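Student: Can you walk me through this model? I would like to start with its rings.

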Amino acid sequence: MADTRRTLHIASWDDRFLAWLLDILLVGAVLSALGEAAGVFSLLAGGLSGTTPFTGLNGLGLFVYWTVLEGRQGQSVGKIVMSIAVTDERGEAIDYVTAAIESFGKAFLLPLDILVGWLAYEKEGLRLFNKLSSTIVIETDEEETGKPRDVEYVYPSDR
């Protein structure tokens, strides 16, 4: 009988941190640009307020960003760059609800999320909200990402 077990390599904290940092910079830049545009519009419309409608929405923006991308494909832009992905505990794709639970901790409660993870789940490499959502972050094989494992593609240039 053939061994059907899969080997999943848990992503390092370093790779996860760099992916998180890239995501924060990307989402922060977009929200900042939107905030600046709203501020300019406010001044042109005669408003004197120093705040914009986007003030304080970074957490919400990150939550939506991670939920949508990781619920759709298991990867945010930062995770794609770092060749890591969020999956369920068997290495399968997650849905939007699971992605929302997993993303909540890193968007709104990151210090607590990581601290509890490091203290309670150090060996497993989990954050608290990974545990709560039954997700893991794994390394991906760049060439195999998005391709079924049991299919071989023959491209026109290979014939």
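Tutor: Helices are DSSP runs (H or I, at least four residues), numbered from the N terminus. This is a predicted model: local features need pLDDT of at least 70, side-chain atom pairs 80 or more, while totals for chains, interfaces and linings use all residues. Residues are numbered from 1 along each chain as its sequence is written, and side-chain values use heavy atoms, without hydrogens or water.

Student: What separates F104 and F108 in helix α4?

Tutor: Both residues sit in helix α4. They are four residues apart, so the separation is about one helical turn.

Student: Are the planes of F104 and F108 stacked, edge-to-face or tilted?

Tutor: Phe, Tyr and Trp rings (six-membered for Trp) pair with centres within 6.5 Å; planes under 30 degrees apart are stacked, over 60 edge-to-face, the rest tilted. Here the centres of F104 and F108 lie 5.0 Å apart. Their planes make 50°, and the aromatic pair is tilted.

Student: Why is the pair of F63 and F108 tilted, and what is the angle?

Tutor: The ring centres of F63 and F108 are 5.7 Å apart. The pair counts as tilted because the planes stand at 40°.

Student: How many residues apart are F63 and F108?

Tutor: F63 belongs to helix α2 (residues 58–73), and F108 to helix α4. The pair links distant parts of the chain, with a spacing of 45 residues.

Key. Helices (H or I, at least four residues) and strands (E, at least two) are DSSP runs, numbered from the N terminus.
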